[in-house]
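Biologist: Can you put the model up? I have some questions about how the pieces pack.

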Amino acid sequence: MPSSSPLVSIIIPTYNRAHLIGETLDSVLAQTYQNWECIVVDDGSTDNTDEVMTVYKAKDTRFQYHHRPKDRLPGGNAARNYGFEVSKGEYIQWFDSDDLMLPEKLEIKVKVISEYNVDFVVCEGAEIIDEKNLTYVKKWKLYETDVALLEHIKGNLVFGTNGPLFNKQYLDNKPLFDVELKISQEWEFFSRLLISSPRLEIINQVLYLYRNEADGKRSKITEFKLVNKVIAISKIVDLYAKKPITDTFKDFEIRKYLFNYINLYIKRCLKHKFYSETLRLVKLRIKIINYSFLKVGFFKVLKKPSIIIKTIK
């Protein structure tokens, strides 16, 4: 790869993944695109992650190893944000410490983001179902759409931390991962970015593999997931509600789906007797509906968006 190729900063937060991170770093070494730096940020591991990283730093000077500063809140989000702060690349690729890059992941994504001059590109991923033979299955497909925010909220445009490659300039001066969230941080982060209608290109190709470990951070108890999801939803609804209502069907659909999304989680919170979270969501319904909607009877026009378009002008 010629020296003029843009530098990609791969940022990997890790916590007690000494038994897996070596495979992740090997997949970085195997990339056909070679102009990268790999920034591993430890979130307070108590295993032998330090020893593993000493080996890889000696193997290749493109690997860096940092510990999350003590003045930062614990958690992967603070580690991701710190990695961004020390990065020097033109492009940013966050990645998880227990997952694998396919060899052409960086090469394909750099080519697309450069050719189309977009804010970020996102590729598909697949779940590893057989560790020994490294077989995997794709659980979702990314669909081209001009309403990325709506499709993301609906779950039709699904991409986790590993999927996007960002132009660093696009991320400069933007809030990154929310350190208050322990679950649903990717959903909140990407929803927040999509509200601003970024230039986005989709790559319909599996370029990374992920594990769904039973003992990993992806498997927190239902109640913990629920509370964090409510916080994430609240942040996104608060942000979107500040946007002025327009006479577009796109805006109506987003507000309608957020309204229904809130109702879904009200039911889930009530089921678990989370009354404070329930009250928080009930208040959000008013925000996303907005008084302009209330004037025309929101509940009566859910199936007739044309009424909205005529009335709110």
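This is a predicted model: local features need pLDDT of at least 70, side-chain atom pairs count only at pLDDT 80 or more; totals for chains, interfaces and linings use all residues.

Biologist: Start with α3, residues 76–86. How many of its residues are buried?

Modeller: Of its 11 residues, 9 are buried, so helix α3 is largely enclosed by the rest of the structure. The buried ones are G76, N77, A78, A79, R80, N81, Y82, G83 and F84.

Biologist: What covers the buried residues of α3?

Modeller: The cover includes the strands β1 (8–14), β2 (36–42), β3 (63–67) and β4 (91–94), along with the helices α6 (168–171) and α7 (185–195).

Biologist: Now the largest nonpolar core. Which residues have the most contacts inside it?

Modeller: Those are W94, F166, L171, F189, I233, I262 and L281, in a core of 47 residues. At least two residues of this core come from each of β4, β6, α5, α6, α7, α8, α9 and α10.

Biologist: What does W94 touch, leaving out residues up to four places away in sequence?

Modeller: W94 touches I11, R80, F84, T161, N162, F166, L171, L176, F177 and F189. R80 and F84 are among the buried residues of α3.

Biologist: Different topic. At what angle do α1 and α2 pack?

Modeller: About 15 degrees, with the axes 10 Å apart. Angles under 35 degrees count as roughly parallel, so α1 is roughly parallel to α2. The crossing is right-handed.

Biologist: Which residues make that contact?

Modeller: I21, G22, L25, D26 and L29 of α1 meet V52, M53, Y56 and K59 of α2. By type, 6 are nonpolar, 1 is polar and 2 are charged.

Methods. Residues are numbered from 1 along each chain as its sequence is written. Side-chain values use heavy atoms; hydrogens and water are left out. Buried means under 20% relative accessible area, exposed over 50%, partly exposed in between (1.4 Å probe, protein chains only). Helices (H or I, at least four residues) and strands (E, at least two) are DSSP runs, numbered from the N terminus. Contact means heavy atoms within 4.5 Å. A nonpolar core is a set of buried Ala, Val, Leu, Ile, Met, Phe, Trp, Tyr and Cys residues joined through side-chain atoms within 4.5 Å. Axes are lines fitted to C-alpha atoms, for helices over the stretch in contact, and angles run from 0 to 180 degrees between N-to-C directions. Angles under 35 degrees count as roughly parallel, over 145 as roughly antiparallel, 65 to 115 as roughly perpendicular and the rest as oblique. A crossing is left-handed if the near helix is turned anticlockwise from the far one by less than a right angle, and right-handed if clockwise. Ala, Val, Leu, Ile, Met, Phe, Trp, Tyr, Cys and Pro count as nonpolar, Asp, Glu, Lys and Arg as charged, and the others, Gly among them, as polar.
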